[in-house]
Amino acid sequence: MRESVQAEVMMSFLVSEELSFRIPVELRYETSDPYAVRLTFHLPGDAPVTWAFGRELLIDGVGRPCGEGDVRIAPADCEVLGEVLIRLQVGSDQALFRSSVPPLVAFLDRTDKLVPLGQEGALADFDAHLEEALDRILAEEQSAG
């Protein structure tokens, strides 16, 4: 069984109202983390930056504004579903990206063929991976506090 889906999409990095530039963004989905998608942004002059967030957030964001906190996704124009805006935020710093919808939908369709939406929990080792991750998080919190 194939264990991942990848795609590369060109997105516009919107620096300001007057300035934007196109960058390659790698989209990745892995059965080892079936609820998440990873987007790796290749910004000129910087090391690649990877963000992971819920696959369902990306699916929902193509059609309507959604997300709270660090990741927000919404159609660029609610009347025409041709482009989507992805806003990533850490503290007061934020980055805004614009992407065409068709390559995102094609990627999401491939993820759904690999692991249908709603079937993520059926993966045999997912519960073990979740338990390991929670144990690591708890151990880190205990050692820090």
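I started with helix H1, residues 55-63, and looked up its buried residues: they are Arg-55, Leu-57, Leu-58, Gly-61 and Val-62. I keep in mind that this is a predicted model. Looking down the axis of H1, I see those buried residues fall within an arc of 160°, so they line one face of the helix.

Next I asked what the buried residues of H1 pack against. The list has strands S2 (20-30), S3 (36-41), S4 (49-54), S5 (71-77) and S6 (80-90), plus helix H2 (101-114).

Then I went to S3. Five of its six residues are buried, so S3 is largely enclosed by the rest of the structure.

I checked its pairing on the S2 side. S2 and S3 run antiparallel, with four bridges joining them.

On to S4. S3 and S4 also run antiparallel, and here I noted six bridges. One partner I looked up: Ala-36 is bridged to Gly-54 in S4.

Last stop, Thr-111, which sits in helix H2. Is Thr-111 buried or exposed? Its relative accessibility is 0%, so I put it down as buried. Leaving aside neighbours within four places in sequence, I get contacts from Thr-111 to Val-5, Tyr-29 and Arg-55. Arg-55 was already in my notes as one of the buried residues of H1.

Conventions:
Residues are numbered from 1 along each chain as its sequence is written. This is a predicted model: local features need pLDDT of at least 70, side-chain atom pairs count only at pLDDT 80 or more; totals for chains, interfaces and linings use all residues. Side-chain values use heavy atoms; hydrogens and water are left out. Buried means under 20% relative accessible area, exposed over 50%, partly exposed in between (1.4 Å probe, protein chains only). Helices (H or I, at least four residues) and strands (E, at least two) are DSSP runs, numbered from the N terminus. The arc is that of the directions from the helix axis to the C-beta atoms. Contact means heavy atoms within 4.5 Å. Two strands pair if DSSP finds at least two bridges between them.
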